[in-house]
Amino acid sequence: MNFEKVCVLGLGYIGLPTAAVLAGHGINVIGVDINRDIVNGLKNGKVHICEEGLDELVTEALGSRKLKVCTEPEPADAFIIAVPTPFYEDKRADMRAVTAATEAIVPHLRRGNLVVLESTSPPLTTRNLVVPILERSGLKAGEDFYVVYSPERVLPGRILKELVENARVVGGINETSGEAGRDLYGIFSKGKIVLTDCTTAEMVKLMENTYRDINIAIANEFSRLADRFGVDIWEAISIANLHPRVKILTPGVGVGGHCIGVDPWFLVEAAPEFTSLVYTARRVNDAQPHYVITLVRRALQDQLLGKRIAALGLSYKPDVDDLRESPAIEVVKTLAEAGAVVKAYEPYKVDAMIDGIQTVDRLETALIDAEVVLLLVGHKRFLSLTPQQLVSQTPARLLVVAANAWRGKEWVEAGFRMFHLGVGRSDMFFPAV
Ligand code: SAJ
């Protein structure tokens, strides 16, 4: 199938890079977003997403007029839906954006069109939600027009590279649909394009992120056990991972972001009777920020009131500027609510404004009068701090560390008392394997 014009609905972390990459390959792309600020910003050259190389690519695409942005879809050869699928308070999937985007396509749907759903969605969404809405056009899915589910699988921070290089799953509602989807992604994808049915593709995406969530949950549980039994979890995991068929992930302050902590709930909602493990892992990871807080309480002998804490890192994982669903923020907020005086510093977003949190724009300002330094996110620039640098910048001699960092006897020799997540052993001087 040939595509001259593609309409991308949703100009977020996935939609905007996809639109720009397609435009860069000579396709006429209409980028649609219901948020006027985003559309107007883009028209004025303001790219609202911070991602390496994206600014240049979008500016070029807009400049060449291969990419146009607006708030309503237009007729096209293919439509790609890349809108968010968050969850409600009770963890049920919120499919309102997918529903609205699909409905917006209906008046423009023509014979021979392809419609792709990329948003992470509960199993059977393509068949039971998307197809019936599109058939309101009077056209028959799989015959008059084609439908596929093709999940995005890119890593924030490497989106443009992974968009092109990762293997791509294309799940059709029938064979012809799958082939049309393969032709569309073949325009820019250098990775293997694997054809399957739409429900398998939905499951694949949810399985990948659920597997990761469960693996992180076991690592987090192991960190608590290590604490209890006088073991160093970082050493223990590095030794266990020498086994050729074992790959335990890393314990930390919890699971944040908008994928791993969300997607497993879609499986739980769809089949609660079969997902007790998935459910429990979610609960374990959601509880991890509170486990880190107990570590802070232990370090301070439960006296949080008025304690001046320098909290380092607020993003949801190391070396990104993304603060969405960040467990570090949950830790800082809870400590502040308990009466601690927390100054938080996030080097990737020094101007972050977060309700209930005092942020500072310099590391020195956070450290200068601290009684405790709490390392929440293992950003490279924190990991490279030496005990001497810290000693000279802060009067605090108590460190609480929720990452594999600041290890070795030089820290103790510099006068610090250390509380490491997952380190129940007092002589933590063994180098990692
Ligand atoms: N985390 C740990 N321990 C680990 C790994 C991660 O505590 O060993 C935490 C991180 O700190 C973070 C959260 O888990 O808070 C999620 O981080 P992540 O790097 O696992 O995932 P995301 O959300 O940044 O991106 C993931 C990616 N999935 C995988 O790496 C398997 C990406 O490929 C997906 O496309 C993306 O989710 C998505 O959109 O689903």
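**View 1. A nitrogen atom of the ligand lies 2.7 Å from a polar backbone atom of Thr-250.** This pair is a polar contact (N or O atoms within 3.5 Å). An oxygen atom of the ligand lies 2.8 Å from a polar backbone atom of Gly-256. Tyr-316 uses its side chain: a polar atom there is 2.5 Å from an oxygen atom of the ligand. On its own the ligand has 750 Å² of accessible area, and the protein covers 85% of that area (Shrake-Rupley method, 1.4 Å probe). The model is predicted: local features need pLDDT of at least 70 and side-chain atom pairs 80 or more, while totals for chains, interfaces and linings use all residues. Residues are numbered from 1 along each chain, and side-chain values use heavy atoms, without hydrogens or water.

**View 2. The ligand is surrounded by 19 residues.** Lys-205, Asn-209, Arg-212, Thr-250 and Tyr-316 are the closest. Helix α8, residues 198-229, supplies the largest share of this shell, with four residues (helices are DSSP runs of H or I, at least four residues; strands are runs of E, at least two; both are numbered from the N terminus). By type, the shell holds nine nonpolar, four polar and six charged residues. Tyr and Pro count as nonpolar, Gly as polar, and Asp, Glu, Lys and Arg as charged.

**View 3. The second largest pocket holds the ligand.** The volume of this pocket is about 1,200 Å³. It is lined by 40 residues, and those closest to its centre are Arg-212, Ile-216, Tyr-316, Lys-317 and Pro-318. Two elements, α8 and α14 (380-383), each give two or more residues to the lining. Helix α8 contributes the most, with seven residues. The lining divides into 20 nonpolar, eleven polar and nine charged residues. A pocket is an open set of 1 Å grid points with protein on both sides within 12 Å along at least five of seven lines; lining residues have an atom within 4 Å of a point.

**View 4. The structure has one cavity of 30 Å³ or more.** A cavity is a set of grid points where a 1.4 Å probe fits but cannot get out. The largest cavity contains about 60 Å³ of space. Pro-151, Glu-152, Arg-153 and Val-154 are among the residues that line it, as are Glu-162, Leu-163, Asn-166, Ala-167 and Arg-168. Four of the lining residues are nonpolar, one is polar and four are charged.

**View 5. Lys-91 and Asp-302 are loop residues.** Most residues other than glycine have a negative phi. Lys-91 is not a glycine, yet its phi is positive, near 75 degrees. Lys-91 is found in the loop that runs between β4 (78-81) and α4 (96-105). Asp-302 is not a glycine either and has a positive phi of about 65 degrees. The loop that holds Asp-302 lies between α11 (276-299) and β9 (308-312).

Notes: Grid points are joined across faces, edges and corners, and a volume is the space filled by probe spheres set on the points. A residue is near a molecule or strand if one of its heavy atoms lies within 4 Å of it. A polar contact is a pair of N or O atoms within 3.5 Å; within protein, one must be able to donate a hydrogen and the other to accept it, and residues adjacent in sequence count only if both atoms are side-chain atoms. A molecule sits in a cavity or pocket if more than half of its atoms lie within 2 Å of its grid points.
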